[in-house]
Amino acid sequence: MWLTSKSLCFFSNLKRSNQLAALIVLTAVSILAVLPGVNAQQVPDTPSIQLESSTQWQQTLAEAKGETVYFYAWGGSKPVNDYLRWAAREIASRYNVRLRHVKVADISEAVSRLKAEDGSKSAIDLLWVNGENFSYLKEQRLLLGNLWSSIPNSALLATQKLPLQNDFGVPIEGFEVPWGVGQFNIIADESLFSHSGSKQNTVSPSSILAAAKQNPGRVSYPRPPEFHGTTFLKQLLVALSNKDQRLFSAATPQAQEDLLPLLWNYLDQLHPLSWQQGNAFPSSNTEQLSLFQQKQFVMTVSFNPNEIVKEKSEKRIPTTSQRLYFAQGAITNSHNLAIPKAAQNSAGAKVVIHFLLSELAQKQKLKGSWGDPSVITPLLDDASTLPAQQELHSSWQQVIEDKWQQKYGA
């Protein structure tokens, strides 16, 4: 942008000692004015922009140029894979950093690899991780720290409205960065729970049991340790125990003895009414959704509050379907990005995280085929989030899965 005649007149009246400083200021504003999405009349002075101009971040950008970041992440979803291909193109053009998605069936594969590498230079630069895997990696000191303070767009995280400071009860403390948020919900026809007595758009253990009695063989849940199936069990336990606070700290033997029978007694009533009389379970939420689409099931489970919108828009489920959550709130947790301490391309990995937290990338993730809710303040959307229930401490996950397997897995 060229300077206007009024600007030149202004300069002619300045003392020579001030001309250079004024020229720098106006030139900077002029450059910002022609950048996409920037208004020269009101350039925001946000913490993320301040951090982007820091010497530390500029050094990170310089180190990252030309690096290839090997991102170990779940590869079982076409929308997620498509999104990462889009992100890789954007990151390459903007930062000269190559992003390679290394698809894994379960992130525990990457955790096992890090364990085997035992601190030596790692083939993994970036991880998609949460829950018990994060807890283990943090405990073993295998992760790079101070990510929130060294990645500028971390300043955009909606920490005031979303539970982003802990991961399954374990403080994050800068060892990973929230990327998206999941909330457990149930999709069913609006008539299924209309007479349950629960408040609107909510379910309870008793209402699910009543639905199973009315529709024998057409209710089920994914087989644990599949994530959705385990979360369904955790939602039941929160409700059956009236949100007993011991669920949100380490699972002591006494707490297990007191609380788990509530869940087993309930399942003993539910399973005989369920699909295959509780002798078999869907292998995943994808299979359960497919059976719901085929009208073999009257309900399905999801961890994406926006999934129902996608399914309806594609006409894969009836327009009368509705999204429901447990009356205590939808179990909510973030899925996160972490960098191994021994990563060979940590600068490039930080740049990738920075981009994935940008408004552009978060909006594409929310509005595109994935539909994953945003974790940054500028894009918080009440329509795509549910009342939140704190996630259980990570230790309960393994306890519930192991004991479920012993009782019902044979």
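Buried residues are those under 20% relative accessible area and exposed residues those over 50%, with partly exposed residues in between; the legends below use these words for a predicted model.

**View 1. A salt bridge joins the side chains of Arg316 and Glu311.** The N to O distance in this pair is 3.0 Å. Arg316 has a relative accessibility of 38%, and because this value falls between the two cut-offs the residue counts as partly exposed, whereas Glu311, at 5%, counts as buried. This contact belongs to a structure that holds 10 salt bridges.

**View 2. Glu117 and Arg113 form a salt bridge within helix 6.** The two side chains meet at 3.5 Å, N to O, and their residues lie four apart in the helix of residues 108–117, which corresponds to about one turn. Glu117 counts as buried at 15% relative accessibility, while Arg113, with a relative accessible area of 39%, is partly exposed.

**View 3. The salt bridge between Glu173 and Lys138 links distant parts of the chain.** The side chains meet at 2.7 Å, N to O, although the residues are 35 apart, with Glu173 in the loop between strand 5 (170–171) and strand 6 (177–183) and Lys138 in helix 7 (residues 131–139). Glu173 counts as exposed at 55% relative accessibility, whereas Lys138 is buried, with a relative accessible area of 18%.

**View 4. Strand 1, helix 5 and strand 2 make a right-handed β-α-β unit.** Strand 1 (residues 68–74) pairs with strand 2 (residues 98–104) in the parallel sense, over seven bridges, and within this pairing Ala73 has Lys103 of strand 2 as its bridge partner. Helix 5 of the unit spans residues 78–95.

**View 5. An open sheet of four strands has the order 8-10-7-9 and mixed pairing.** Strand 8 (202–203) and strand 9 (299–302) stand at the edges, each with a single partner strand, so one side of each is left without a neighbour in the sheet. Helix 10 (residues 227–240) packs on the sheet and touches strand 7, strand 9 and strand 10 (321–326), its direction making about 55° with that of strand 10.

**View 6. Strand 7 pairs in the antiparallel sense with strand 9 and with strand 10.** Four bridges join strand 7 (residues 185–189) to strand 9, where Ala188 stands opposite Met299 and Asn185 has Ser302 as its bridge partner. The pairing with strand 10 also comprises four bridges, and here Asp189 stands opposite Ser321. Strand 7 is mostly covered, four of its five residues being buried.

Terms used:
Residues are numbered from 1 along each chain as its sequence is written. This is a predicted model: local features need pLDDT of at least 70, side-chain atom pairs count only at pLDDT 80 or more; totals for chains, interfaces and linings use all residues. Side-chain values use heavy atoms; hydrogens and water are left out. Two strands pair if DSSP finds at least two bridges between them. Helices (H or I, at least four residues) and strands (E, at least two) are DSSP runs, numbered from the N terminus. A crossover is right-handed if, with the strands pointing away from the viewer, the path from the first strand over the helix to the second runs clockwise. Contact means heavy atoms within 4.5 Å. Axes are lines fitted to C-alpha atoms, for helices over the stretch in contact, and angles run from 0 to 180 degrees between N-to-C directions. Buried means under 20% relative accessible area, exposed over 50%, partly exposed in between (1.4 Å probe, protein chains only). A salt bridge is a side-chain nitrogen of Lys or Arg within 4 Å of a carboxyl oxygen of Asp or Glu.
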